[in-house]
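This briefing is meant to be read with the sequence and the model side by side. Please look at the whole chain before turning to the points below, which are grouped by topic.

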Amino acid sequence: MKAGIVVLGHGSRASVGEANKVTFQITDLVKEKAGSDLVETAIMNRQSGLQSLGEATKRLLGRGATQIIVVPMFLANGMHIQADIPEEIEGLRQMYPQVPITMAAHIGPDPRIADILLERVREVQFITDPETIEHRSMELIAPYLAGLNLDEAATKVYSRIIHAAGDPDYANHIKIHPQAIAVGCKALRQGRPVFCDVEMVRTGINKRRLAEYGGQVHCLIGDEEVARQAKSSGITRAMAAMRTFGQDLDGAVVAIGNAPTALFEILRLMAETPVRPALIVGVPVGFVGASESKELLASSSPVPYITIQGNKGGSPIAAATLNALLYMPEPI
């Protein structure tokens, strides 16, 4: 027999028709899971102005159904289940005596309802354990990385960046030099210094973990002498800070999260001097110079780099990238 299914909801009056949409949405899910088009929605409430059980039955029979199964989307065994629906079905049986019309059981105290309710509780329940928060975050991020063919190390970097940004779209903009992760991890484990453009980047880097390797984080954006040099030269403090670091940048890790001018200055130093950082994390954010500085980094840097193409980026992203390298399991 060719079974037609009627998903029967209680419904609401037409003035609150939005409330009836859920019944139709569930009907669509049933249709998809059943792999059949012989599924219709019916609404008990006549004030809804929507399809009745009789109308749904007629439509299914007209489309070739030879059997009708009415599935009441009701939790409790109330009057609709005990009397109203059976009476209406009996009337349909008299109208279509050759068609078996059956009423399935109502939902009732199904354990699967408890599972759904507990899942809803977990969705709003505060998680206070930091490791649990991080683990759950990485689970939620993982589907956005599927299909990118990332190795384990790159996956960790991508995940940290997306976690810091709260924006899965970053997966489409991250650009990692093939040697960047290995070179960066090696430099950090050798205790090489980290030089930043702004204090926010310095603050976000795990200095305790870095200190375990003998490394330190340096930032001169607030230095008075740097401020004087910037004013006298007509350049930004971030540029003046990079110039002050100068030769110390050689073999170090550079993290630029805020100032495109700092990244431009690093690229100029590499073009005009023998200074070669081990790794550049260049992720300045903004609309003036940010995208251009990162494009230049990707196209001309003589050293490995990690960057974010376009206007996206920022100090939290720079710090998260460095922390991803610091947390990377050995060996890498």
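In this predicted model, the buried residues of helix α12 are P260, A262, L263, E265, I266, L267, L269 and M270.

**Helix α12**
- Helix α12 runs over residues 260-272 and has 13 residues, and the reach from its first C-alpha to its last is 18 Å, close to the 18 Å expected at 1.5 Å a residue.

**Domains and the database record**
- The domain assignment of the chain gives domain 1 as residues 3-112 and domain 2 as residues 130-327, and the C-alpha centres of domain 1 and domain 2 lie 59 Å apart.
- An unreviewed UniProt entry lists residues 133-328 as "domain: Cobalamin biosynthesis precorrin-8X methylmutase CobH/CbiC".
- In the model, the span of residues 133-328 is 53% helix and 11% strand, and its end C-alpha atoms lie 19 Å apart.

**Nonpolar cores**
- The largest nonpolar core has 68 residues, and of these V194 and I205 touch the most other members.
- Helix α14 (residues 315-326) gives this core its largest share, which is seven residues.
- Apart from this core lies another one, of 20 residues, whose members include L8, A42, M44 and F74.
- Once its neighbours within four places in sequence are left aside, V194 is in contact with L188, I205, L210, Q216, V217, H218, V253 and L322.

**The aromatic pair**
- The structure holds one aromatic pair, and this pair is formed by F195 and F245, which are tilted, with 4.5 Å from centre to centre and 50° between the planes.
- F195 lies in strand β6 (residues 194-196) whereas F245 lies in helix α11, so the pair ties together parts that are 50 residues apart in sequence.
- Both F195 and F245 are buried.

**A loop residue, N149**
- N149 is found in the loop that lies between helix α5 (130-145) and helix α6 (152-165).
- The phi angle of N149 is near 55°, which is a positive value in a residue other than glycine.
- Is N149 buried or exposed? N149 counts as exposed because its relative accessibility is 76%, and the cut-off for exposed is over 50%.

Technical notes: Residues are numbered from 1 along each chain as its sequence is written. This is a predicted model: local features need pLDDT of at least 70, side-chain atom pairs count only at pLDDT 80 or more; totals for chains, interfaces and linings use all residues. Side-chain values use heavy atoms; hydrogens and water are left out. A nonpolar core is a set of buried Ala, Val, Leu, Ile, Met, Phe, Trp, Tyr and Cys residues joined through side-chain atoms within 4.5 Å. Buried means under 20% relative accessible area, exposed over 50%, partly exposed in between (1.4 Å probe, protein chains only). Helices (H or I, at least four residues) and strands (E, at least two) are DSSP runs, numbered from the N terminus. Contact means heavy atoms within 4.5 Å. The expected span of a helix is 1.5 Å times one less than its number of residues. Domain bounds come from an automatic or database domain assignment. UniProt positions are given in the numbering used here, feature names are shortened, and annotations may be inferred rather than shown by experiment. Rings of Phe, Tyr and Trp (its six-membered ring) pair if their centres lie within 6.5 Å; planes under 30 degrees apart count as stacked, over 60 as edge-to-face and the rest as tilted.
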